[in-house]
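Dear colleague,

Please find the structure below, together with its sequence. My notes on it follow.

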Amino acid sequence: MSRSRARKAGTHGAGDAGGNAPRSRGTKGGPARREALEFQVPARVLVVSEDAGRLERMLDHLCGRVARCVGASSMLEAMQSVEMERFDVAILDAALPEDGAYDLAGVLFDTNPGIASMLWGESDMEHAVRAMRLGAVDVVPADADAGEAHRRVASAYARARRVQGREERIARLKRVCERLNAVREEVSTQVGSLCTDLVSAYRELSDQMSRVGMNAELTSLVRQEMDVESLLRTTLEYLLGKTGPTNAAVFMPTSMGDWTLGAYVNYDRPKDTCEAMLDTLAGVVPEQFAEESEAVFLRDDVEVESLLGAEAHWIEGCQALVIPCRQDDETIAVVMLFRDEREAFDAETRGTAQAIAGIFGEQLSRVIRVHHRHKPAGPFGLPGGCDDDDDLDLAA
C-alpha cells in the first residue's frame with residue numbers, strides 16, 4: 001500500500017471531535033458498534049512494514065479498536081512519524097530488510113521509552129530474545145487475527161502507560177529537584193553571605209573593642225607623663241610593642257618654624273649613618289606630610305621616591321608609614337615608621353600606629369600647654385619669644 005493510503009487507513013480512530021461513534025469494519029448495526037466500543041483501546045499505534053498488503057491488513061485489524069493507528073512503509077517514515085507525534089505502541093514487521101525491525105526497536109527504546117515496541121511476524125526463540133533485549137515487549141504472530149492483534153496491543157498499551165507514568169513521575173521529580181536545588185543554592189548563598197557578614201561584624205567589633213582597650217591603656221600611661229622626653233619614650237616603647245621591631249622617628253616643630261628630630265628608634269639602619277639620615281629626613285618628611293589629615297602609607301621604592309625625591313635613597317627597600325599628629329588644625333608632630341618591605345605593615349598595624357599617634361598628639365598638646373601656660377602662645381602652640389633654651393626646641 002502506498003504511503004498516502006497507509007495514512008488514510010491509519011487515521012481511523014475512536015471518533016471525531018463532535019463525539020461521533022467510532023468506525024469499525026464488520027457487520028453494520030448495533031452489535032458491531034457495541035463491540036467496537038467495548039474493546040476500544042485509547043492507544044496511538046504505529047505500524048511499520050514495507051509490505052503494503054501486510055501493512056493494510058494490520059491497519060484493518062486495529063481500525064476502530066484503538067484511538068489512532070498510523071502506517072509507515074519504511075524506517076525513515078517511521079522515525080519521521082515519531083518525531084511529529086506521540087505514540088504508545090509500535091508494531092514492527094520482522095521482515096524489514098537488514099534487521100530493520102531490531103534496529104528500530106533499539107532506537108525507540110533509547111529515545112522514546114514510553115513507546116512499547118512489538119515484533120510482528122515469524123520469529124524463533126533466538127530472534128524473540130534478541131528483540132526483547134532491544135526493548136520489544138511482545139511478539140505478534142504473522143497470522144494474528146483482529147482479536148489477537150487487539151489483545152496484544154491492549155497489553156502493550158497497558159505496559160506503555162506504566163512506563164509513561166513512571167517517566168512522567170521522574171520528570172516531575174526532576175523538576176521538583178531542580179527547583180529545590182535552586183532554592184537550596186539560594187538559601188546557601190544567603191546563609192553564606194550572612195555568615196560572612198556576621199564574621200566581618202564580629203571582627204570589626206573585636207577590633208573596635210581591642211582598639212578601645214588599647215586606647216584606654218595608652219591614655220592611662222601617657223597621662224602620667226608631663227614632660228616631653230618621658231612622653232616620647234613611653235609612646236615609642238608602647239608603639240614598638242604593638243607594631244613589632246621597626247625604625248621610628250618623631251619630628252617636632254621648633255619655635256623657629258623648622259623641624260627637628262624629637263626622638264628615634266634605630267632597628268636595622270647602620271649606626272654610622274643613622275644620625276645623618278634622620279637629620280636629613282627631618283628636613284624633608286615633616287614639610288612633605290605636615291598638612292596631611294591621615295596617615296600616609298608608602299608601599300615601595302617608587303612611592304617613597306615620588307614623595308621624598310633625592311632623599312629616598314636613605315630608606316631604599318623599605319615601606320614607610322608617616323602619621324601627622326594634628327591638634328586644633330595645627331601639626332604638632334610627625335611620626336615616621338619604616339622597615340624592610342619584606343616585613344610589610346599590614347592594615348591592622350597601620351591602624352594601630354595611627355591610633356597611638358593620635359593619643360600621643362593629644363597628650364603632647366596638653367604637655368605643651370601646661371609647660372608654657374605662663375607664656376603667650378606662638379606658632380604650633382609654642383611660646384611666642386625665643387629668649388631661652390626652651391623656646392628653641394621641644395625635642396627630647
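In which loop is Glu316 found? Glu316 is found between helix H11 (301-308) and strand E9 (318-327); helices (H or I, at least four residues) and strands (E, at least two) are DSSP runs numbered from the N terminus. This is a predicted model, in which local features need pLDDT of at least 70 and side-chain atom pairs count only at pLDDT 80 or more, while totals for chains, interfaces and linings use all residues. Residues are numbered from 1 along each chain as its sequence is written, and side-chain values use heavy atoms, with hydrogens and water left out.

Glu316 is exposed, at a relative accessible area of 57%; here buried means under 20%, exposed over 50% and partly exposed in between (1.4 Å probe, protein chains only). Together with Asp300, Asp301, Glu305 and Glu341, Glu316 forms a patch of negative charge on the surface. Such patches consist of residues with over 30% relative accessible area and no salt bridge, like charges being joined within 9 Å.

The loop between E9 and strand E10 (330-340) contains Asp328 and also Asp329. Asp328 has a positive phi of about 55° although it is not a glycine, and the phi of Asp329, likewise positive, is near 65°. Most residues other than glycine have a negative phi. Asp328 is exposed at 67% relative accessibility, and Asp329 is exposed with a relative accessible area of 67%.

Strand E4 (residues 116-120) is largely enclosed by the rest of the structure, because 5 of its 5 residues are buried. On one side lie Ala116, Met118 and Trp120, and on the other Ser117 and Leu119. E4 pairs with strand E3 (residues 89-93) in the parallel sense over 5 bridges, where pairing requires at least two DSSP bridges. Leu92 stands opposite Leu119 in this arrangement.

The structure holds 12 salt bridges, each defined as a side-chain nitrogen of Lys or Arg within 4 Å of a carboxyl oxygen of Asp or Glu. One of them joins Arg68 and Glu85 (3.0 Å, N to O). Arg68 lies in strand E2 (residues 66-72) and Glu85 in the loop between helix H4 (75-84) and E3, so this pair ties together parts 17 residues apart in sequence. Another joins Asp138 and Arg152 (3.0 Å, N to O), linking strand E5 (residues 136-140) with helix H7 (residues 146-222). Asp138 is buried at 18%, whereas Arg152 is partly exposed at 23%. Salt bridges that share partners join Asp138, Glu148 and Arg152 into one network.

Yours sincerely

Key
Patch = residues over 30% accessible without salt bridge, like charges linked within 9 Å, V, L, I, M, F, W, Y side chains within 5 Å. Areas by Shrake-Rupley, 256 points an atom, 1.4 Å probe, with all protein chains shown as cover. Lys, Arg positive; Asp, Glu negative; His and termini not counted. Charge placed at Lys NZ, Arg CZ, Asp CG, Glu CD.
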